[in-house]
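This briefing covers a disulfide and a group of paired strands. Please look over the sequence and the model before reading on.

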Amino acid sequence: MKPRYFLLAFLLLTFLSRHAEASTLFGRVIEINDGDVITVFNLNRPVRIKLLAVDAPEAGQPFGDVARKHLSDLVYDKSVLVEYWGIAADGSLVGRVTLNSADVGAQMIRDGAAWFDTSNQGRLSVVDREVYQQSEQAARAERRGLWQAENPIAPWEFVRAQALRRNPAASLNSILPAAGIRANRPTPELTNLTLLTERVTAGAAPSVNDPDLAWASSSARKNWQRFKPAGQSFSALVPDDGQQKTITVPIGNRVVDINVYAARDGWAFYALMWVTAPSNGESDKVAIDGTLRAFMRGFGDGYQRRNNSAFSCELGEDRSFSAAGYSVSEYDLSTCTVPAKLRAFTRVVGADRQMYLGAVFYASADDENISRFMQSFTVGTSAVNAKRSRARSGH
């Protein structure tokens, strides 16, 4: 394998400087779910998008059907660009949608089809906030759309009132709007975990001509150490002098940390990723497969976009087993453009899913450190015992 291909594994070390900004996706709008929610077909799967800082009348609310029809007229069956930052409580991506450089959310507000949701404006630029605010002011002044009514009820107030009628004992402050997934449309493949994983990898692959990668041509070997983050139940032997970074992603009303440790030894790159995120009720197998597929999909997407070169990889069959109360899957991706080995552990604790992922990208399968890394990556009591054993032996 040519070294230029192998250097792309360095994406796991460079994501930290790039994901403070929005991630993007491009696709055709295949469904209008609501007046502020659409489904975009991207990379052969449907992805649900909630328009950032836009709140349209709910279904069953006056002007709700009109708002949905207006959004359909604007974007249905058209290709849009989505800049997204986080995940809504219902699992949708929260993002700014543009069509031919025109801001769809601002247009909905300007046409009197939606409110400017100031509670969800944090990711808009100062200029965009001003545009959204002025768009609503203009729509109100011209009595466009929903502003034709004397006292239109904001969607968030409508949702709260409906919920309070269903449950009079509930506090208004505890009721949050929630959009359900309709059974008569394609269910998005992406879950909270897969979205987080793809966000870490997609778009972060460096160019093969990046001068910052010049040091990677060295084959110098590293010392190894056992890595076990405080408060975590996993550990692994890793090359020292690696980088540990954390990015923060909003999911609904929560903030989730994605943690990565990555290091290089010779012509191999080693990475550990750990995250605890809300569970969607999926099985362990579905969670692992989805996360690993998103991991490699994001890697491949970044590879192709930044290097204008095809990336090929199929997960194929895995080896599955249980360890210390966790479900485990291992994949040997030796036929991928950048060969790799993956291992993932997961379990659900309360309403949250814990996920631990280990990956090694390599140039030669004969490197004994590849199996050393994979075999040492353990969870639960196995990880603790491995650490104690290493301490007793003086290594």
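Pro278 stands opposite Asp352 in E17. This is a predicted model, in which local features need pLDDT of at least 70 and side-chain atom pairs count only at pLDDT 80 or more, while totals for chains, interfaces and linings use all residues. Residues are numbered from 1 along each chain as its sequence is written, and side-chain values use heavy atoms, with hydrogens and water left out.

**Strand E13 and its partners**

- Strands (E, at least two residues) and helices (H or I, at least four) are DSSP runs, numbered from the N terminus; two strands pair if DSSP finds at least two bridges between them.
- E13 and strand E17 (residues 352-362) run antiparallel and are joined by 11 bridges.
- Strand E12 (residues 254-265) is also antiparallel to E13, with 8 bridges between them, and Ala262 stands opposite Ala271 in E13.
- The hairpin of E12 and E13 has 2 residues between the strands, and Gly266 there takes a positive phi near 65°.
- Strand E13 (residues 268-278) is largely enclosed by the rest of the structure, because 10 of its 11 residues are buried (under 20% relative accessible area, with exposed over 50% and partly exposed in between; 1.4 Å probe, protein chains only).

**The disulfide**

- A search of the whole structure finds 1 disulfide (a pair of cysteine sulfur atoms within 2.5 Å).
- Cys313 and Cys336 form this disulfide, with an S to S distance of 1.9 Å.
- The pair links distant parts of the chain, 23 residues apart: Cys313 lies in the loop between helix H8 (284-307) and strand E14 (319-323), and Cys336 in the loop between strand E15 (326-333) and strand E16 (340-349).
- The torsion about the S-S bond of Cys313 and Cys336 is about 50°, so the disulfide is right-handed.
- Both Cys313 and Cys336 are buried.
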